[in-house]
Amino acid sequence: MIILTGRHSSVHFLTKLMPLHSETDSLADPLSLDLNEQFKDSDFPKKRVSFHTLGCRLNQSETDGLIRSFKQSGYTVVPETEITDVCVVNTCTVTEHSDAKNRQLIRRLHRQNPDAVIAVTGCYAQMDPNAVAGIEGVRLVIGNQEKMQIKDFLEQQANGSTPLIVQTKINKKPFTVPGVSSAEKSGQKLKRLFEYQNTRAMLKIQDGCDFMCSFCIIPFARGRSRCRDFTNLQDEARLLVSEGVREIVITGVNVGTYKLGKRTILEIIDYLNTLPGLSRIRISSIEPTTVPDMLFQYMADPQHKLVPFFHLPLQSGCDAVLHKMRRRYTSGEYADEVWRAFEAVPDLCIGTDVMVGFPDESETEFGCTKNLLEKLPIAYFHVFPFSARKGTPAFVMKEHVLSSVKQQRGEVLRQLSNQKRHDFHKRFIGKIRNVLWESPNAEGNFSGYTDNFIRVILNEGGCFDLQNQILPTHLVTHQGQVMSGVVG
């Protein structure tokens, strides 16, 4: 049952629930409103809409799908900074800081667009919908289960005077992304507003997680692991390539656990590798215990489209802390995985995530993490302070580390990461790597990425257009977090 509530109203229930999808689309979310029947006389105008995304690549991928859906329905999508009639906010709730950023963004949007309908979805909307509905300007709050149907609920709420909350339990059924097959079959090509325009796009293959790490809110915000219908993701991949995408980034919460029948992530990569017009396949992040050995062979093959890049979350280099985190490996097992990958794949870039200040983390335990990161051939790491999330086992753990200590430890690791990135870049000074050049910035300057994830800025003038081209580039110097390069 879908629960609909207003900010100051008691909970009431919609008595007639029917699926939005046909019988042939049985993998789609089953709990949704038959708005064609119930609101067939609605004259909701097709207005200007802006999209605002916080958090992970998975959120960005879902926003991309929402953009397509809104455009197919006749909406005009405008940049984030423009005045608009509808603001769609896709939220994150990984940390308390994330929640604060959500609230700040929503309030700023209301100040900039006081007459706009603000629709909030994503993980914060799933975990604390009443708090979201209490923010001035919010008219619609949609949980993750109904996220891709937000447009339909928005039209229902066109004349609503109080916020509408739609939040249901997230099921484990395989899912589809709506609007993909119809767009491909009709030959419809929509101008995309993705992060890097037509250069790179995320392909969501999986959602949710069964691993239940003690610090992580994601299994509660996104539910347990479930996989995307294979045909549906194939349809989107072809559509993305037809729109000019050169690189597809495989994304999800725990992509290595994809299993639908006999199909795994390997079958997805095998299919993408056959797509004419697609040049690169990248895996956004993958848990170290879920990496098939075949990926090493793919990455080591210069003719294969899978690029030499792994992002393998570590979280801690101390076995005692890893045990309390409920991670599924020891520091030694993680190190073995990194070295196997590094030795099997030439020029491989390996990144990781690290958490500092987990409850009762001692200076010695932090030192284990630092020492492990120093020894491993890791090119960079993202550093996060522990943030207690209500509902997770770690929330009730005692002896929390002081904020000042977490800040100091985080800065130590960030400096180490900068040094590791510098050392990684130094290996490629004077060498030639293929760079996928993105659209120029406001000043007309080009930048792009090598296959092994080195950010390169163009170290030369010229009025020629490099956008969406993959060109051999001479890497010249290291400049902070990037390298400079000359085409040719």
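Strands (E, at least two residues) and helices (H or I, at least four) are DSSP runs, numbered from the N terminus. This is a predicted model, in which local features need pLDDT of at least 70 and side-chain atom pairs count only at pLDDT 80 or more, while totals for chains, interfaces and linings use all residues. Residues are numbered from 1 along each chain as its sequence is written, and side-chain values use heavy atoms, with hydrogens and water left out.

Select 200–204 and 247–251. Zoom in on Ala201 and you'll find Ile248 of β12 opposite. The three strands make an open sheet in the order β9-β12-β15, paired in parallel.

Next, show 57–72. That's helix α2, which packs on the sheet and touches β9 and β12 (contact means heavy atoms within 4.5 Å). Its direction makes about 95° with that of β9; such angles run from 0 to 180 degrees between N-to-C directions, with axes fitted to C-alpha atoms, for helices over the stretch in contact. Then pick helix α10, 265–273, which touches β9, β12 and β15 and makes about 160° with β15.

**Stop two: salt bridges.** The whole structure has 29 of them, each a side-chain nitrogen of Lys or Arg within 4 Å of a carboxyl oxygen of Asp or Glu.

Show Arg340 and Asp293, whose N and O sit 3.1 Å apart. Arg340 is in helix α13 and Asp293 in the loop between β15 and α11, so this pair ties together parts 47 residues apart in sequence.

Move to Arg409 and Glu363, again with 3.1 Å between the closest N and O atoms. Helix α15 holds Arg409 and helix α14 holds Glu363. Glu363, at 47%, is partly exposed.

Last, select Arg433 and Asp451, with closest N and O atoms 2.9 Å apart. Both Arg433 and Asp451 are buried.

Technical notes. Pairing = 2+ DSSP bridges. Buried < 20%, exposed > 50% of the residue type's maximum accessible area, 1.4 Å probe, protein only.
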